[in-house]
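Please read the following points with the sequence and the 3D view open side by side. They begin with the whole chain and then turn to selected details.

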Amino acid sequence: MNENQIHELHEKIVELIEAKNIVALKELLSSVNPIDIAEALEGLDEKDILLTYRLLSKESAAELFAAADADFQEILVKGFSDKELRAVMDELYLDDAADLIEEMPANVVARILKNTDAETRKSINALLLYPEDTAGSIMTPEYVSLYPTMTVDEAFNKIRKEGVDKETIYTCYVTDNRRLVGVVSVRSMLIADKDVKIGDIMHQNMIVVETTDDKEFVAAQFQKYGYLAIPVVDREKRLVGIVTIDDALEVMEDEATEDIEKMAAILPSEKPYMKTGVFATWAKRIPWLLLLMVSATFTSKIIGSFEAALYSCVALTAFIPMIMDTGGNAGGQASVTIIRGLSVGDIELRDVFKIIWKEVRVAILCGLTIAPVAFLKVLFIDGMFWATEVNGFTVAFVVSLTLLFTIIISKLIGCTLPLLAKKIGFDPAVMASPFITTIVDALSLLLYFAVASSLLGL
């Protein structure tokens, strides 16, 4: 559903609740995807949320619960009876249950664990032991395991028996003494004779990840190979779980959001914008603002050191913002392109010289395009053509020449700083707009005053 349809569903649910038409509400909910229902319930009173939730089928209720955000889940858990909570936990996949526990306050976690069986608690605790940014933290141990000596018929019998509790059955994993030896798709089994051995139709050339691999790397494997699930092994190559595409997509979204926030000089936030308080938002933004304000001291010092030059040619002052902004924009273009390329794997550190050579050529073309336009702008739009107290043509030439070199320098800085950050182990996104703009501002001013001093004799 689109945003308008979600809003219409919300209004319809409210209307039926107010009319106490439970039969019609239940009929409406049965025809809507649970994920859309979760969105439509946003903003309702807690009692109305619980009422609507209890009208859903067992499967739909579990799907809605898994899709809801942490705040919504907390409302439901607090309103559940112990019986309802046990029913939800029985329906949740183990990785979703582990995510739920990580998000809930301690008193809610205690109640959740109290209403799960010992085996489930053990499995959840095992998942929670993995570091947050690793493949182990996003995997699920709920997969279908087959043996190479099984026939296709025996494999299907096992899938029918165990598949209902597994997160995916489209790809099955072949193990021998817990070691992963191959993968086989249901499609391959469907078109094979029922007496064929699994070992004869399985694929041994597999893409696997280890529990300690970074989850961003794991997500990149999905993007590269187009799989729906990837097996996770421990150091002894024993199969311990799988990562499914839905978890990989969530990682991609989180990483993209984090990069965007860093590039905008904001400390990453774990909550959506509308659910983050004013003071929390302030706390995420103010450190960078303070740092960048202090770093701007360099710019003011440079201007101050050329105060005499500016006094003798006041017209130069008017073009400082244009030069600084153009340099910052040029550097930002290059840095965003490089950061994006690094994040999706299009660019490697070994490409550094190719990148620099390309950006130099692009910068020269951009500079040669902007410089003559700036020359004409300064002369006729900014009025230097008619200036009497200073040579307008020389001022226009100073500005246009400065812009040419500023663009070249800015793009070089914009492409090299993210690569340098990656090389020394920092997040390239941190080297985006904030730092690059500050550095470029200082260098563009130094260049501007150097060119002006030389050509205007200041």
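What radius of gyration does the protein have, and what would a compact globule of 458 residues have?

1. Overall dimensions. The model under review is a predicted one. Its radius of gyration is 30 Å, whereas a compact globule of 458 residues would have a value near 23 Å. The C-alpha trace spans about 90 × 60 × 35 Å along the principal axes of the protein.

2. Composition and surface. The protein contains 23 helices and 6 strands. Of the 458 residues, 43% are buried.

3. Contacts along the chain. Consider the contacts between residues at least 6 apart in sequence: 66% of them join residues at least 24 apart.

4. The sheet. An open sheet is formed by 3 strands, which follow the order β1-β2-β3 with mixed pairing. Why is one side of β1 and of β3 left without a neighbour in the sheet? Both β1 (145-146) and β3 (179-185) stand at the edges and have a single partner strand each, so one side of each has no neighbour there.

5. The parallel pair. Strand β2 covers residues 171-176 and runs parallel to β1, to which 2 bridges join it. S145 has Y173 of β2 as its bridge partner, and L146 is partnered by V174, also in β2. Helix α12 (residues 152-162) belongs with these strands: β1, α12 and β2 make a right-handed β-α-β unit.

6. The antiparallel pair. The pairing of β2 with β3 is antiparallel and extends over 6 bridges. Within this pair, V174 stands opposite G182 of β3. V174 is also the bridge partner of L146. The strands β2 and β3 form a hairpin, with 2 residues between them. In the turn, N177 has a positive phi of about 55°.

7. Salt bridges in general. Side chains of opposite charge can pair when their charged atoms come close.

8. K47 and D48. The side chains of these two residues meet in a salt bridge, with an N to O distance of 3.3 Å. Is D48 buried or exposed? D48 is buried, because its relative accessible area is 13% and the cut-off for buried is under 20%. K47 counts as exposed at 59% relative accessibility, since exposed means over 50%.

9. E74 and K78. A salt bridge of 2.9 Å, N to O, links the side chains of E74 and K78. Both residues lie in helix α6 (residues 70-79), where they are 4 residues apart, about one turn of the helix. E74 counts as buried at 19% relative accessibility, while K78 is exposed, with a relative accessible area of 54%.

10. D234 and R238. The side chains of D234 and R238 also meet in a salt bridge, at 2.9 Å from N to O. D234 counts as buried, with 12% relative accessibility, and R238 is partly exposed, with a relative accessible area of 29%.

Notes: Residues numbered from 1 in each chain as written. Predicted model: local features only at pLDDT ≥ 70, side-chain atom pairs only at ≥ 80, totals over all residues. Heavy atoms only, no water. Pairing = 2+ DSSP bridges. Salt bridge = Lys/Arg side-chain N within 4 Å of Asp/Glu carboxyl O. Buried < 20%, exposed > 50% of the residue type's maximum accessible area, 1.4 Å probe, protein only. Rg over C-alpha atoms; globule rule 2.2 N^0.38 Å. Contact = heavy atoms within 4.5 Å. Right-handed = clockwise from strand over helix to strand, strands pointing away.
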